Each structure stands twice: as structure tokens, then as C-alpha cells.
Amino acid sequence: MVLTLISAISVYLVNKARDDTRWVLHSTAVENEISLAQLQIQRAESSQRSFLLTQRPEFRAAFEEASGRIPQSFERLRTLTRENPYQQQRLQQMVPLTNQRIEQLRQSIDLALTNRLDQAVESARREAGQDATRQIRDLGNEMRIEANRLLAARTASADVSQSRSALITSVGSGLVVLFAGLSIYLVRRSSRERDLAHARLRDINLNLESAIEKRTSDLREANDEIQRFAYIVSHDLRSPLVNIMGFTSELEELRGDIFRRIAELSRANSLPPPGVSDPANAAEPVLDGADEQLSQDFNEALGFIKSSIAKMDRLIGAILSLTREGRREFHPVSIAMRDLIESIVSTVAHQAAEADAQIRVEPLPDIVTDRIAIEQIFSNLIDNALKYLKSDVPGDIAISGRRKLGFAIFEITDNGRGIDPKDHQRIFDLFRRAGPQDRPGQGIGLAHVRALVRKLGGTISVSSELGTGTTFTVTLPSTWVGTNRDEQS
């Protein structure tokens, strides 16, 4: 801002000095023109006297030349002094007097040309002492004095403007040098501070990397411990579960013996029903009344126990599968995604035909990652899309993909029954399911999918509304960025 202000002042002073110089030159031109006009008047008078004395024609020609130039000088003076009332006033008085004087000089020359030389000389002598000549000279001197006064004032103003301009220029140059030095100082100080900040940042990054590595190691150990714990617990749970299953089978066999014995005890007090000759030999004892109701209750209780055992067996199997998957080493390879998805679609073609659904596979970007994990991810998502279609609408499932900033983005879109927005995060939790529980499943598919996607270095999200279908978006790196246990160690 200071340099801009100084530059503006410097430009103003330079322009002012230029204007003052122009006015100095103008005043000089006015003074020169006044002198020229007076000189022409003097030439006219000298030429007139010389002609009267010598009668030589060249003096008459000089007179005519001088008298002809006087109006031109007055016209230039009138133009140069049009903004100066004082000079204009003097000029208006001087012009008629000069014209009158020139006319007198011409009359005396005419008298000499008509051989009346004595009269011409006498007239010239008489007219030379008149006031007109003195007035013309005085007016010219006054105009010259005014011109000299303006010239002095304008010269002084020009000198002041030039001095101020030089001073401002010097100050500006000094400030430029000062600011340049200050800028160099500030830049060097900023550079030093930046270097110090970079050094501190490097130290912080080293400490942060060390802390992250330690935390990562701790998390890895905790994760391994959790997986080992889950494996041990699920493995140990399977042993008593097998015992329960065995004892349940024995209890089911014992149930036949118990109710057959009840049937034998009741045979002594009642006749066998029509069509049965020997109840003791019947495959299923025939019971009546309370005994039959007791048998049905017993069968129902056994059915509940067997169903719970089967469900618990599936859950334990799922936990074991997840722990084994978490410990599996990934092997990245180049995958032609469209071919892989089409092979998955071909395996569920019969299921799609039963659901009256079409599966469209659009062009997909190829990626480098673990093939088995990708097959499990998209198999689960396509299977879910088929499983939760609406029964009254033909199914339409589309698999599309694109690249963006080093990532491959895949979308699996269906027109099924949709998912309530409040359940969007819940469906990715282990053993959690959303909506009516009218489809088979243990609630581990999407949890498994999310775990695999995260381990591959990607993300998964869902967009859905009830009754409007669902879109699962899987974002994966185009090239492998994951790590295996052997690499981590």
C-alpha cells in the first residue's frame, strides 16, 4: 500500500512537473512573440526613415515586410494569451495604436514617392514625438513584464515539482530497498520456521508411525486372540452339543420304550382296537386319552430340542467359518470381473428362474485382488437379492461398475421389497436380520461380506427404502492394497 501510494504521488508530481514545464515554455513563447512584435514595429520605423533618406526601394520592401508580419504576431499573441485577461486587455490597446502608427509611416512613404520629400520628412519628424509610439512601447513593455512574471512563477513551480518528484522517487527507491530487505528477512525467517516445522512434523510422524504400528500390533494381537477365543469356544461348544444330540436320540428311542410299556400296561384293562391283533407287536404303541396327549407333548418337546440343536449347530458352524476366513491368507490376482460375475449368475440361474427374475450384468472394471473373497462377496449379495424379491413382481437385478480415482465401484441393484432405513447398519451386524423372518438364514452373510470387503481395503454401503428395492455399493481398490499375516509379521 505504501509503495502504491508513493507511486501514485510520484506519477502525480511527474505530470505536474510536465505541466509546469509546458507553462514555462508557453510563457517563453509569449515573451518571444511580444519581442518579435516590437522588433517588427522597430523594423518598420527604421525602414521608413531609411527610405526617406535614401529613396532606395529595398527599404520600402523591408517596411512592407515588417508591417505585414506585425498582424501575424498580434494574432499569435492573441492565441497564446487567450486565458490571460491582463495580456488580452493590453493587446487590445496595442493593436489599434500599432495599426495607426503603421498607417502614418506608410503615408510618409507615399509622400516621398510623389516627390514631396520635404513634407514626408517633416511628417515623420512630427509623428515620431507623438504619444502613440510611446504608448505602443509602454504596452509592449508591460506585456513583457507580465510574461516575465509568469515565467518566473512557473519556473519556480516547475522547479518545486521536479524537486518533489525527485524526493518522492528517492523515498520510493529507499522504501523499495527497505521492503526488499524486509521481505528477504521475512522469507528467510519463514523458511527457517518452515524447516523447523517440517523437522517437528517429521518427528511427530515418526512418533505417530511408531504409535500406530504399536496400536496396530496390539489390535492385531487382540483380533487374533478374539479369533482364537471364538474358535476355541465354538469348538468346545460343539462337543457338548454332540452329546446333547446323542442323548436326544437316545431319549427319542427311550420314548418309544416308555410309551410301549404304557400301552402294554393299559392292554390288560382294555381290548385292542379293531384291526390290531397284538398291540405289543405294533411299531408305534396305540394310546388313548391322556396317554396319547402325553405322547404328543413329548414328541413336540423333542422336536423343539432337535430344532434348537440344529440351529445352534449352524451358528457354531458359522462362527467357525468366520474364524477360519479371518485367518485365511489372501492371494491377489488379476480378475476379469464380468466373467466372474457371469459365472456366479450361471450357478443361480435355476433359482432366478423359479423367482421369475432376470439378472443383467453390465460392463465391469477389472481389478487385482483375492478371487475367493470376491466370489464370496458377490455370491452373498446376488443370493440376497434373489432371496428378498417381491413375489408379485418380476425380479430385476442389475450388476454395474465404474472406475473413480483408483477405485472400482460396483453396484448390485434389485427391485425387491427393500430395507427400512433404520436397519441399514443393523443388517451388517453378526446374527442380525431385518424385516419379516420368512426366509432361511442365520444373519451372518452380510457380516461376512463386510468383513471381507474391509480386509480387501474397500467399503460397502446400502441404499434402500421399503418397497422400492435395494442397492448395495461395493468400493474396492483397483489394485491390491491389503496385507496378509506373513507380510505384517
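A residue is called buried when its relative accessible area is under 20%, exposed when that area is over 50%, and partly exposed in between (1.4 Å probe, protein chains only). The model described here is predicted, so local features need pLDDT of at least 70 and side-chain atom pairs count only at pLDDT 80 or more, while totals for chains, interfaces and linings use all residues. Residues are numbered from 1 along each chain as its sequence is written, and side-chain values use heavy atoms, with hydrogens and water left out.

The protein contains eleven helices and seven strands; these are DSSP runs (helices H or I, at least four residues; strands E, at least two), numbered from the N terminus. Of the 489 residues, 33% are buried.

The structure has 16 salt bridges, each defined as a side-chain nitrogen of Lys or Arg within 4 Å of a carboxyl oxygen of Asp or Glu. One of them joins Glu 146 and Arg 149 (2.6 Å, N to O). Glu 146 is buried, at 12% relative accessible area, whereas Arg 149 is partly exposed, at 46%. Both residues lie in helix α5 (residues 131–267), and because they are three residues apart, about one helical turn separates them.

A further salt bridge connects Arg 360 with Asp 396 (3.1 Å, N to O). This pair links distant parts of the chain, as Arg 360 belongs to strand β2 (residues 357–361) and Asp 396, 36 residues apart from it, to strand β4 (residues 395–404). Arg 360 is partly exposed at 34%, and Asp 396 is partly exposed at 24%.
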